[in-house]
Amino acid sequence: MYLRGFKFGILYFLAICYGWGQGDANLLLQYNRGPDLDGFYHPWNFSMQTSLNRINTNRDYTVPLLGIGLGLQVQHHFSKSFGLNTGAHFTTYNYRYKLQDNNSTDQLEFLELPLSLRLYPGRRLFFEFGTAYHLFLKGKNSEIVDFENNSKRYPQGLFQNAFGLFLAIHYNLWKGVHLSLSYRRIHKNIDPTLTQSNSFRGLSLGLHYYLKNPLRRPTK
């Protein structure tokens with residue numbers, strides 16, 4: 001019974017793929033349907049973004065503060081409902097320690113290189129999930145942390161490059177302007193005896209501007 005059901009599922013899947021591959025002309029002849037007039041999309045699109053980040057470490061003795069982000073993105077659509085996205089974002093993570101002998105704040109700077117999938121259930125709304133490589137640039141504290149150099153900047157090697165995952169929802173506000181909300185998580189194991197952490201998680205609110213309006217049909 002299970003084998004018969006599996007074979008039926010395979011045949012049904014192949015029939016759907018065959019129907020997709022026929023094109024609008026054959027569909028018009030066989031099913032009296034024309035092409036989807038709302039099926040347009042921009043194969044390539046570019047966007048600029050800014051964001052507010054509320055990212056914290058995975059330690060229970062830190063409190064998240066607001067950070068900022070700026071970036072550029074490149075998007076490629078394979079169809080109206082599916083696409084890939086990549087880019088480069090400069091972003092900061094800010095947080096405060098709440099220890100008995102440490103009430104200082106950290107500011108860490110990363111260059112984020114994302115690669116994600118985008119799914120479009122509608123023209124104004126889409127979902128995104130993917131991974132990002134976080135290239136650590138520099139980090140500093142509000143107090144002196146490098147006593148050898150009498151500096152507030154953390155020494156190299158304490159914070160490291162790391163991969164992370166993110167989930168996001170985007171909504172088109174007007175023309176090429178989008179608003180996004182994403183959850184981000186980075187995990188990197190380091191010495192657990194250190195006060196600092198290389199693991200982070202939190203929310204990011206983004207504002208995006210696309211050079212090509214996704215609500216407007218591409219001009220030939």
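Is Glu128 buried or exposed, and what is its relative accessible area? Glu128 is buried, with a relative accessible area of 5%. The points below place this residue and others in the chain.

1. Basis of the note. The structure is a predicted model, in which local features need pLDDT of at least 70 and side-chain atom pairs count only at pLDDT 80 or more, while totals for chains, interfaces and linings use all residues. Residues are numbered from 1 along each chain as its sequence is written, and side-chain values use heavy atoms, with hydrogens and water left out.

2. Overall make-up. The chain holds two helices and eight strands. Along the sequence the order is α-α-β-β-β-β-β-β-β-β. Helices (H or I, at least four residues) and strands (E, at least two) are DSSP runs, numbered from the N terminus. Of the 220 residues in the chain, 37% are buried. Here buried means under 20% relative accessible area, exposed means over 50%, and partly exposed lies in between (1.4 Å probe, protein chains only).

3. Salt bridges in general. Side chains of opposite charge can pair when their charged atoms come close. A salt bridge is counted when a side-chain nitrogen of Lys or Arg is within 4 Å of a carboxyl oxygen of Asp or Glu. By this rule there are two salt bridges.

4. Arg184 and Glu112. These residues form a salt bridge, with the closest N and O atoms 3.0 Å apart. The pair links distant parts of the chain: Arg184 is in strand β7 (residues 177–186) and Glu112 in strand β4 (residues 105–119), 72 residues apart. Both Arg184 and Glu112 are buried. For Glu112 the relative accessibility is 4%, so this residue counts as buried. The side chains of Glu112 and Arg184 are also joined by a polar contact of 3.0 Å. A polar contact is a pair of N or O atoms within 3.5 Å; within protein, one must be able to donate a hydrogen and the other to accept it, and residues adjacent in sequence count only if both atoms are side-chain atoms.

5. Arg118 and Glu128. The side chains of Arg118 and Glu128 meet in a salt bridge (3.3 Å, N to O). This pair also links distant parts of the chain, with Arg118 in strand β4 and Glu128 in strand β5, 10 residues apart. Arg118 is buried, because its relative accessible area is 0%. Glu128, the residue of the opening question, is buried at 5%.

6. Ser51. Which side chain does the side chain of Ser51 contact? The side chain of Ser51 makes a polar contact of 3.4 Å with the side chain of Asn53. Ser51 lies in strand β1 (residues 44–57). Its relative accessible area is 8%, so Ser51 is buried.

7. Lys138 is partly exposed, with a relative accessible area of 35%.

8. Asn150 is not a glycine, yet its phi is positive, at about 50°. Asn150 is in the loop between β5 and β6 (162–174), and at 57% relative accessibility this residue counts as exposed. Lys175, again not a glycine, has a positive phi of about 50°. Lys175 is in the loop between β6 and β7. With a relative accessible area of 42%, Lys175 is partly exposed.

9. Tyr210 and Gly176. How far apart are the C-alpha atoms of Tyr210 and Gly176? They are separated by 4.8 Å, although the residues are 34 apart along the chain. Tyr210 lies in strand β8 (residues 200–210). Tyr210 counts as buried because its relative accessibility is 3%.

10. Leu165 and Arg201. Leu165 lies in strand β6. At 58% relative accessibility, Leu165 counts as exposed. Leu165 and Arg201 are 36 residues apart in sequence, and their C-alpha atoms are 9.6 Å apart in space.
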